[in-house]
Amino acid sequence: MLQIKVLGGGCSNCINLAKMCTEILEDNKIEGEVTKVTDFQEIMKYGILTTPGLVINEKVVHYGKLPTKSTLTHWLIESTTK
């Protein structure tokens, strides 16, 4: 099961990223859990300064802007094979 964390204080991009992750998991029948991390002390532990951030299975995959849905789909599907 994928452990997905969306890092950010609750801006529209962070909300949209969490929503896209949930939709992609459902559309592709991928088992996973999406968690929003809004505590900046916790976010800083991942070494990112710009949100939204995306962490899949404790690996920082992306941060700073909203990825395209197709790119995000690729990352999530690829992560199921690792």
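Predicted model: local features only at pLDDT ≥ 70, side-chain atom pairs only at ≥ 80, totals over all residues.
**Cysteines, a helix pair and some backbone details**

The sulfur of C21 lies 11 Å from the closest cysteine sulfur, that of C14, which is too far for a bond. Residues are numbered from 1 along each chain as its sequence is written, and side-chain values use heavy atoms, with hydrogens and water left out.

Let me stay with the cysteines. For C14, the closest cysteine sulfur is in C11, at 3.1 Å, and that too is too far for a bond. Searching the whole structure gives zero disulfides. C21 has a relative accessible area of 0% and is therefore buried; C14, at 5% relative accessibility, also counts as buried. Here, buried means under 20% relative accessible area, exposed means over 50%, and partly exposed is in between, with a 1.4 Å probe and protein chains only.

I turn now to the helices. Helices (H or I, at least four residues) and strands (E, at least two) are DSSP runs, numbered from the N terminus. How do helix 1 and helix 3 pack? Helix 1, residues 12-27, packs against helix 3 at an angle of about 60°, and the axes are 10 Å apart. The axes are lines fitted to C-alpha atoms, for helices over the stretch in contact, and angles run from 0 to 180 degrees between N-to-C directions. The two helices are therefore oblique to each other; angles under 35 degrees count as roughly parallel, over 145 as roughly antiparallel, 65 to 115 as roughly perpendicular, and the rest as oblique.

Which residues meet? From helix 1, L17, M20, C21, E23, I24 and D27 meet K69, L72, T73 and L76 of helix 3, where contact means heavy atoms within 4.5 Å. The residues of this contact comprise six nonpolar, one polar and three charged. In that grouping, Ala, Val, Leu, Ile, Met, Phe, Trp, Tyr, Cys and Pro are nonpolar, Asp, Glu, Lys and Arg are charged, and the others, Gly among them, are polar.

Helix 3, residues 69-80, also contains S79. S79 is buried, because its relative accessibility is 13%. Leaving aside residues up to four places away in sequence, S79 touches L2, I56 and N57. The C-alpha atoms of S79 and Q3 are separated by 10 Å, although these residues are 76 apart along the chain.

Finally, the loops. K29, in the loop between helix 1 and strand 2 (32-37), has a positive phi of about 50° although it is not a glycine. With 76% relative accessibility, K29 counts as exposed. E58 likewise has a positive phi, near 65°, and lies in the loop between strand 3 and strand 4 (59-63). Between helix 2 (40-44) and strand 3 (53-56), the loop holds P52, and the peptide bond from T51 to P52 is cis, with omega near 5°.

Methods: Disulfide = S-S within 2.5 Å.
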